[in-house]
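Here is a short briefing to read alongside the model. Have a look at the fold, then follow the points below.

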Amino acid sequence: FLGGEAAERKRLFLCVSEAGVAYRHSAKMDDRCDNDEDYDDTNDPHPNAVVEASEVSADGAWIKAAHNGKWLPVVKPTDKEVLLRGVTKAEAAEVARKFIGEPSVKAAAVRVGVLSQDEADRLYLEAQTTKVAAEAAKVAAKEAAWDAATARGPATITIAGVRGECAKLVN
């Protein structure tokens, strides 16, 4: 019988693949749900999203998502790349807080219960506000650089080695 942290790690999985992971209808790599004509892949686990497993395959290579009954590979069989990593609720909450600005991370954190809806909404709003402020600062910095360049006036460029009539045309 598994208890405590070990049980949590068999129940909560963090997407560690940079490309995310696609759901499958069964525990077979070629049975992808995104091959379905009406499938919406925006619900697939994106990087840093947490998935709650209702079932783990005997070999530990697949989990069945609790919220939709679809299967996800834990490792890619071709090159053994780890796609999902077992985490505790505390680890999942920490990752969710760090990457809360991503809508898929926010939705997954609330769905698996690592953050309350109120806390997720508050953190998401803070992240979006910070993101907007950072973008405004970048724009202001670019404008200041152009203003400084304009104040200096036109730049003179001398190309070394050019002489005679060519120098008058080039320099």
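This is a predicted model: local features need pLDDT of at least 70, side-chain atom pairs count only at pLDDT 80 or more; totals for chains, interfaces and linings use all residues.

Residues are numbered from 1 along each chain as its sequence is written, and side-chain values use heavy atoms, with hydrogens and water left out.

**The helix pair**

- Helix α3 covers residues 103-111 and helix α4 residues 117-152; they pack at about 165°, with axes 9 Å apart.
- Axes here are lines fitted to C-alpha atoms, for helices over the stretch in contact, and angles run from 0 to 180 degrees between N-to-C directions.
- Helices (H or I, at least four residues) and strands (E, at least two) are DSSP runs, numbered from the N terminus.
- On the α3 side, Pro103, Lys106 and Val110 make the contact, and on the α4 side Gln117, Ala120, Asp121 and Tyr124 do; contact means heavy atoms within 4.5 Å.
- By class, the residues of this contact are 4 nonpolar, 1 polar and 2 charged (Ala, Val, Leu, Ile, Met, Phe, Trp, Tyr, Cys and Pro are nonpolar; Asp, Glu, Lys and Arg charged; the others, Gly among them, polar).

**The sheet**

- Five strands form an open sheet in the order β4-β3-β2-β1-β5, with antiparallel pairing; two strands pair if DSSP finds at least two bridges between them.
- The edges are β4 (71-73) and β5 (84-87), each with a single partner strand, so one side of each has no neighbour in the sheet.
- On average, neighbouring strands are turned by 50° against each other, direction ignored.
- Strands β2 (residues 50-56) and β3 (residues 62-65) pair in the antiparallel sense over 3 bridges, and Glu55 has Lys64 of β3 as its bridge partner.
- Helix α2 (residues 89-98) packs on the sheet and touches β1 (12-15), β2 and β5, its direction making about 120° with that of β5.

**Two positive phi values in loops**

- Asn48, in the loop between β1 and β2, has a positive phi of about 75° although it is not a glycine.
- Asn48 counts as partly exposed because its relative accessibility is 21% (buried is under 20%, exposed over 50%, partly exposed in between; 1.4 Å probe, protein chains only).
- Lys80, in the loop between β4 and β5, has a positive phi near 65° and counts as exposed at 58% relative accessibility.
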